[in-house]
Amino acid sequence: MFRRTFWFTAGAAAGVWATTKVNRKLKQLTPESLAAQAADKAIETGHKLKDFALDVREGMVRREAELGGALGLEAPVDPDLPVQRHWAVEAPEPAARPNTYRKLPYKSNNRNEDH
């Protein structure tokens, strides 16, 4: 009698365990759950990409500082030198009226302006 009760209880416990496992797996495979899992993975990937970009930027700044020091770009300019440093791009001149747009001449010689 004790043996039958033991096996009956063991079978019932195994059935409950298996049913619980199957129900959990079915809930994981619903469309809502799959969408939530995909969203979580996308957010996690975004955080990893952001961390990677920050690491790359930090390394880039460090390397630029090393190169600037090696090439002497950060060194102070000696006023006794005959030629001073020229910039490739100069700052734009201040506009007379800052809120106006540049307009084309009224009588243009360009005959292809319609095309």
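The model is a predicted one, and the chain has 115 residues, of which 2% count as buried. Its secondary structure amounts to two helices and zero strands. The accessible surface of the chain is about 12,100 Å², and carbon and sulfur atoms account for 61% of that area.

Helix α2 spans residues 31–71. With its 41 residues, α2 reaches 59 Å from the first C-alpha to the last, which is close to the 60 Å expected at 1.5 Å a residue. The residue that follows α2 is G72, and its phi is positive, near 80°. Within α2 is S33, which counts as buried because its relative accessibility of 18% falls under the 20% limit that defines this class. When residues up to four places away in sequence are not counted, S33 touches K27 and Q28.

The structure holds three salt bridges. Side chains of opposite charge can pair when their charged atoms come close. In one of these bridges, the side chains of K48 and E44 meet with an N to O distance of 3.5 Å. Both residues belong to helix α2, where K48 and E44 are four residues apart, or about one turn of the helix. The two partners fall into separate classes of accessibility: K48 is exposed, with a relative accessible area of 55%, whereas E44, at 38%, is partly exposed.

A salt bridge also joins E58 to R62, and here the closest N and O atoms are 3.2 Å apart. Because E58 and R62 are four residues apart in helix α2, about one helical turn separates them. The relative accessibility of E58 is 48%, so that E58 counts as partly exposed, and R62 is likewise partly exposed, with a value of 46%.

The side chains of R63 and E66 form a further salt bridge, with 3.1 Å from N to O. In this pair the spacing in helix α2 is three residues, which again places R63 and E66 about one helical turn from each other. R63 counts as partly exposed at 46% relative accessibility, as does E66 at 43%. An α-helix has 3.6 residues a turn, so residues three or four places apart point the same way.

L67, L71 and L73 make a nonpolar surface patch of about 310 Å².

Aromatic side chains were considered next. A pair of aromatic rings is described by the distance of the centres and the angle of the planes. The count comes to one aromatic pair. In this pair, the rings of F6 and W7 have centres 5.1 Å apart and planes at 70°, so the arrangement is edge-to-face, given that an angle over 60 degrees is required for that class. The accessibility of F6 is 47% in relative terms, and F6 is therefore partly exposed, while W7 is exposed, with a relative accessible area of 57%.

Notes. Residues are numbered from 1 along each chain as its sequence is written. Side-chain values use heavy atoms; hydrogens and water are left out. Patches are made of residues with over 30% relative accessible area and no salt bridge: like charges are joined within 9 Å, nonpolar side chains (Val, Leu, Ile, Met, Phe, Trp, Tyr) within 5 Å. Accessible areas come from the Shrake-Rupley method with a 1.4 Å probe; for residues, only the protein chains shown count as cover. A salt bridge is a side-chain nitrogen of Lys or Arg within 4 Å of a carboxyl oxygen of Asp or Glu. Buried means under 20% relative accessible area, exposed over 50%, partly exposed in between (1.4 Å probe, protein chains only). Contact means heavy atoms within 4.5 Å. Rings of Phe, Tyr and Trp (its six-membered ring) pair if their centres lie within 6.5 Å; planes under 30 degrees apart count as stacked, over 60 as edge-to-face and the rest as tilted. The expected span of a helix is 1.5 Å times one less than its number of residues.
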